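Dear colleague,

Please find the structure below, handed over for your use.

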Amino acid sequence: MEPENNDVSAQPAGPGGATGSPGSAEAGGTEAGAEAAEGTGPVDAAAPGESPEEAAATLGTIMLAVEELWPESLAEQWDEVGLVAGHPNAPVGRILFAVDPTLEVIEEAVAWGAELLITHHPLLLKGVTSVAANTPKGKAVHRLIESGTALLTVHTNGDSAVGGVSDVLADALGLQDVMPLTPAANGLPEEGIGRVGDLAEVQTLGEFAAKVFGILPSVAGGVRVSGDRDGLVRRVALCGGAGDSLFNEVRASNADVYLTADLRHHPASEAREAAVNDRPYLIDVSHFASEWLWLPAAAEALGNVLGDQGHDVEIRVSTTNSDPWDFILTPG
Ligand SMILES: [Zn+2]
């Protein structure tokens with residue numbers, strides 16, 4: 001989720017990179033290693049009617065599978081999702097999933113020979129009047145097109161869908177009876193932004209925070225908590241990405257704790273001032289980390305759809321850490 005401040009400009013390469021979580025999800029094909037294959041993607045692909053290799057998928061085929069899993073109708077009105085660069089009739093044999101379309105991630109896709117990069121965050125969310133290569137975003141557009149790498153965005157449609165960003169987070173935390181915090185305007189009751197559900201057993205806030213820390217990829221900022229470490233929690237509201245616009249829904253859900261990312265001073269402080277019986281407690285995590293968990297699940301889901309259709313496509317999750325923070329100083 002990314003209501004504002006969505007500057008996904010290219011980040012400088014971080015020193016970390018190791019997300020400490022599974023980095024690949026094989027689908028359909030066999031692992032072929034990461035041979036360098038610059039310029040692999042043919043931008044002048046087969047015209048419709050030409051018969052590509054048996055079982056080869058085109059970008060258009062992948063787009064249909066993506067629409068099946070994460071329909072564009074589920075995207076928020078302000079959002080920009082779908083195909084950013086690429087020819088729908090170009091063949092695709094390798095797909096890389098990532099959170100951010102940074103230059104480092106694009107280079108990773110090109111080096112592996114991916115013909116398609118699917119990212120959660122849009123490269124171009126706001127209007128642009130130039131994609132000149134002397135700007136970070138223009139450079140990204142040039143690199144994609146010149147290397148024949150298509151770019152597809154699955155953003156708030158990926159948040160909202162069943163099996164989406166917040167669903168995966170809820171699953172990883174073992175929540176039960178999970179429902180959206182805000183049901184989708186154009187979707188099923190189980191689709192929408194954020195999730196709320198119950199832990200199987202009451203935990204202390206400290207124990208729950210440790211669980212959160214344990215399931216997320218390792219990033220410099222760690223996990224920040226507001227509330228009594230020994231306070232008890234059972235009902236959990238969460239929103240992958242920036243969720244500070246959902247406090248009313250969180251309060252209405254009677255959650256004991258709210259887990260999200262990018263909590264700024266005023267929304268967080270005011271939410272704590274408005275707390276009833278000291279709830280909801282707040283847990284603030286890395287935006288990147290909170291959304292990264294979706295990537296392996298998304299790669300597997302797409303691989304299953306394409307595999308069922310008989311397509312031989314290799315799918316991987318990026319190993320690039322695009323969290324912008326590199327280190328933190330704390331007292332004590
Ligand atoms: Zn986000």
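In this predicted model, helix H2 (residues 103–112) packs against helix H3 (residues 136–147) at an angle of about 5°, and their axes are 10 Å apart. H2 is therefore roughly parallel to H3. On the H2 side, the contact is made by Leu103, Ile106 and Val110; H3 contributes Pro136, Lys139, Ala140, Arg143, Leu144 and Ser147. Of the residues in this contact of H2 with H3, six are nonpolar, one is polar and two are charged.

The model also contains an open sheet of six strands with mixed pairing, in the order E7-E8-E10-E11-E12-E9. Strand E7 (176–183) and strand E9 (224–226) stand at the edges; each has a single partner strand, so one side of each is left without a neighbour in the sheet. On average, neighbouring strands of this sheet are turned by 25° against each other, direction ignored. Within the sheet, strand E11 (residues 257–261) and strand E12 (residues 281–285) run parallel and are joined by five bridges. One of the residue pairs involved is valine 257 with its bridge partner in E12, tyrosine 281.

Helix H5 (residues 165–172) lies across E7, strand E8 (192–204) and strand E10 (232–242), and runs at about 150° to E10. Helix H6 (residues 205–215) lies across E8, E9, E10, E11 and E12, running at about 125° to E8.

Most residues other than glycine have a negative phi, and most peptide bonds are trans. Aspartate 177, in strand E7, has a positive phi near 50°. Aspartate 177 is exposed, because 8 other C-beta atoms lie within 10 Å and the cut-off for exposed is 12 or fewer. Aspartate 262, in the loop between E11 and H8, likewise has a positive phi, of about 60°. With 19 other C-beta atoms within 10 Å, aspartate 262 is partly exposed. A cis peptide bond, with omega about 0°, joins arginine 279 and proline 280; proline 280 is found in the loop between helix H8 (265–273) and E12.

Finally, asparagine 321 lies in the segment after strand E13 (314–317). Asparagine 321 is buried, with 28 other C-beta atoms within 10 Å. Its C-alpha is 9.3 Å in space from that of glutamate 104, although asparagine 321 and glutamate 104 are 217 residues apart in sequence.

With kind regards

Methods
Residues are numbered from 1 along each chain as its sequence is written. This is a predicted model: local features need pLDDT of at least 70, side-chain atom pairs count only at pLDDT 80 or more; totals for chains, interfaces and linings use all residues. Helices (H or I, at least four residues) and strands (E, at least two) are DSSP runs, numbered from the N terminus. A residue is buried if 20 or more other C-beta atoms lie within 10 Å of its own, exposed if 12 or fewer, and partly exposed in between; C-beta atoms are placed from the backbone. Two strands pair if DSSP finds at least two bridges between them. Axes are lines fitted to C-alpha atoms, for helices over the stretch in contact, and angles run from 0 to 180 degrees between N-to-C directions. Two residues are in contact if their C-beta atoms, placed from the backbone, lie within 7 Å. Angles under 35 degrees count as roughly parallel, over 145 as roughly antiparallel, 65 to 115 as roughly perpendicular and the rest as oblique. Ala, Val, Leu, Ile, Met, Phe, Trp, Tyr, Cys and Pro count as nonpolar, Asp, Glu, Lys and Arg as charged, and the others, Gly among them, as polar.
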